[in-house]
Amino acid sequence: MKRATWLVLFFLAIASAGWTQTLNNDTSYTVQGATPEREAVLRRQIQAMHPSVLPYRIRFVPHWQYVYAAHMYRLHVPTGMTSRMFTHLDSRSVFIDEDRYAGEDWMGHWMAHELGHLATNSSGEEDAEKTATQYRKRLKDSL
Ligand SMILES: [Zn+2]
């Protein structure tokens, strides 16, 4: 994508963050470890999905840190799982394995799943997917 397009996305993300804040005080979240471009895309995706519960922070981390964090939170990450994200519900933190990043569609698809965990406050995969389906539809409609 051209640099100018990225800039537009970036400023849209900033503008939309200000807009959502007028609707609800609990709408700010931080994104750590991402390039400004990727952060802008992610924020646009999340805004389009309009989730009922937002994370407090989203962290892109290298694979070893991802494994470490999953271990620390005593999460069972099944082998062969296609998702490379997980959510720690208590701290409303979403971790993304930077080394497995596979593009914007991948990011939107799995972020919908993690937002589903947050919305249902459940670690159940079926609960998360039920909500994620709705979020993915909103994301698709926004494109
Ligand atoms: Zn899950």
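Reader: In which sense do β3 and β4 pair, and over how many bridges?

Author: This is a predicted model. In it, β3 and β4 are antiparallel, paired over four bridges. The hairpin of β3 and β4 has four residues between its strands. There, R92 adopts a positive phi near 50°.

Reader: Which strand runs parallel to β4?

Author: Strand β2, residues 57-61, does. Five bridges connect β2 to β4, residues 93-97. R57 faces S93 in β4. V61 has D97 of β4 as its bridge partner.

Reader: What is the strand order of the whole sheet?

Author: Read across the open sheet of four strands and you get β1-β2-β4-β3. The pairing is mixed. The edges are β1 (30-32) and β3 (85-88), each of which pairs on one side only. From one strand to the next, the twist averages 15°.

Reader: How do I read which way side chains point along a strand?

Author: Start with the general rule. Side chains in a regular strand alternate between the two faces of the sheet. Now take β4. S93, F95 and D97 point one way, while V94 and I96 point the other way.

Reader: Are those β4 residues buried or exposed?

Author: They are all buried. The cut-off for buried is 20 or more other C-beta atoms within 10 Å of the residue's own. For β4, five of its five residues are buried, so by this cut-off the strand counts as mostly covered.

Reader: Which helices should I look for against the sheet?

Author: Look at α3 and α4. Helix α3, residues 63-72, lies across β2, β3 and β4. Its direction is at about 140° to β4. Helix α4, residues 104-120, packs on the sheet and touches β3 and β4. The direction of α4 makes about 20° with that of β3.

Reader: Which residues touch the most other members of the largest nonpolar core?

Author: L42, M111, A112 and L115 do. This core holds 25 residues. Elements giving two or more residues to the core are α2 (36-49), β2, β3, β4, α4 and α5 (125-142). Helix α4 provides the largest share, seven residues.

Reader: Take A112. What does A112 touch, leaving out residues up to four places away in sequence?

Author: On that count, A112 touches M49, A132, Y135, R136 and L139. Find A112 in the model, then trace each of these contacts in turn.

Notes
Residues numbered from 1 in each chain as written. Predicted model: local features only at pLDDT ≥ 70, side-chain atom pairs only at ≥ 80, totals over all residues. Pairing = 2+ DSSP bridges. Axes fitted to C-alpha atoms, helices over the stretch in contact; angles between N-to-C directions. Contact = placed C-beta atoms within 7 Å. Core = buried A, V, L, I, M, F, W, Y, C linked by C-beta atoms within 7 Å. Buried ≥ 20, exposed ≤ 12 C-beta atoms within 10 Å, placed from the backbone.
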